[in-house]
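Biologist: I have a new structure to read. Can you walk me through it?
Modeller: Gladly. Let us look first.

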Amino acid sequence: MATEAPGDAPLLLAFPDEAALAQALARELGATLALIHEHRFPDGELKLRLPPALPERVTLLRGLQDPNHKLVALLLAARTARTLGARRLDLVSPYLAYMRQDMAFHPGEAVSQRIVAGFLGELFDRVVTIDPHLHRINSLDEVMPGSRGIALGAAPLLGCWIAAQWPGDAKPLLVGPDEEAGQWVQQAGAAGGLAGIVCTKTRRGDRDVTVELPGHTLRGRAVVLIDDLASTGHTLVQAARALFAQGAASVDAAVVHALFRGDALQQLRAAGIGRVWSTDAVAHETNVISVAPLLARALRQA
Ligand code: R5P
C-alpha cells in the first residue's frame, strides 16, 4: 500500500479504519491507495497528515458513521488536499450521516440534512453515497448545491442476495418496517423477484418505536425485513415481534448500513431474528455484500 502519492496517477485517499473497503475500491478502480494519518490530541483536536504532493484528481473515502469528529476531519482533509495539488476532489461517503433530520419537527430545530449536505457540497466537487435517507425529498440535488451529489442504490444487491438464499420456488416475503422503507422493498423486490409489504411505524423516542403490520396473512411465511439502516435495532426488533405475532415462520433481516450501536445485534437475536445481512458500506460482522464494484462504476462515470 502506498503512503505517498506519485505524480499524476489517480489517487484514492482513505483513513486506516476503512482500509478494507478502500483496498477493494482501489483494486476496482485501478487507483493508488494512500492512507491519511490521523492523530487525536488529548483534548480531542485532530491533526491530519496527507501525502505531501497530490495528483490533480483525488478521491477521498470517508463513511460518516459516528460522524461528528469525521466531519471535522473532512474539513481539514479537503482544504489540505486542495493546497497539496488536488484540483478535482471527490468524496465517497458510503454512509451519509444526518440525513434523517430532514425538517424542523419542532420550532427552532436545525435541519441537519440541509446543513451537512450543503457543507460537503462546498468542500468537494462530487459526493458519491449509497442510499442516503431521503424521505421528504427525492434527490440530493435539493440539498447539495450544483448537482454535486450522486446517490447510488444498494437495495438491488440485497434483493439478489436474499433471493439466492432461497433457491427453490418458495421465496420469502420482504417487509419494510416503515413507509420510508417502501423504496428499498420495491428496489430489492424488483431485483430479486420478491414480493413485499410495508409496515407503519410510530416513533416516540430514540428507543421507543411501535410497528404495525398491514392486514396480511403471514402464517408459515419466511420473512426478510429490509431497511436502509439499523442503529439501535429497535425498529427491526419491533417489526420482528409484530411479524411473529402474525404467524411468520422465520424472520431474517437485511440492511444497507449496519450501524448497530451498542447491543443492537443481540437485541435482534433476542427478538428471534435469525440471519442478519448487510453491505460493507459500513464495516460490520454482518457484511456479506461488497459495495466496492457499485462505487467504482459510479466513480468511473462521474
Ligand atoms: C428510519 O426511518 C430508518 O430507515 C431506520 O428505520 C431507523 O433509523 C432505524 O433506527 P433504529 O435501528 O434505531 O430503530
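Biologist: Are W166 and W277 buried or exposed?
Modeller: This is a predicted model, so keep that in mind as we go. W166 and W277 are both buried. For W277, the relative accessible area is 6%. The cut-off for buried is under 20%, so W277 qualifies.

Biologist: What about W161?
Modeller: W161 has a relative accessible area of 27%, so W161 counts as partly exposed.

Biologist: How many aromatic pairs does the structure hold?
Modeller: Start with the general idea. A pair of aromatic rings is described by two things: the distance of the centres and the angle of the planes. Now the case here. The structure holds two aromatic pairs. One is W161 with W277, and this pair is edge-to-face. The centres are 6.4 Å apart, and the planes make 70°.

Biologist: Where do W161 and W277 lie in the chain?
Modeller: W161 is in helix α4, residues 155-165. W277 is in strand β15, residues 273-279. In the chain they are 116 residues apart, so this pair links distant parts.

Biologist: And what is the geometry of the pair W166 and W277?
Modeller: That pair is edge-to-face too. Centre to centre it spans 6.3 Å, with 90° between the planes. W166 lies in the loop between α4 and β9, while W277 is in strand β15, so the pair ties together parts 111 residues apart in sequence.

Biologist: Which residues form one aromatic cluster?
Modeller: W161, W166 and W277.

Biologist: Which ring does the charged end of R275 sit over?
Modeller: The ring of W166. The charged end of R275 is 5.0 Å from the centre of that ring.

Biologist: How many bridges join β1 to β2?
Modeller: Four bridges join them, and the two strands run parallel. Strand β1 covers residues 11-14. Across from L13 you find A34 in β2.

Definitions and conventions
Residues are numbered from 1 along each chain as its sequence is written. This is a predicted model: local features need pLDDT of at least 70, side-chain atom pairs count only at pLDDT 80 or more; totals for chains, interfaces and linings use all residues. Side-chain values use heavy atoms; hydrogens and water are left out. Two strands pair if DSSP finds at least two bridges between them. Rings of Phe, Tyr and Trp (its six-membered ring) pair if their centres lie within 6.5 Å; planes under 30 degrees apart count as stacked, over 60 as edge-to-face and the rest as tilted. Buried means under 20% relative accessible area, exposed over 50%, partly exposed in between (1.4 Å probe, protein chains only). A charge sits over a ring if NZ of Lys or CZ of Arg is within 6 Å of the ring centre and within 35 degrees of the ring normal.
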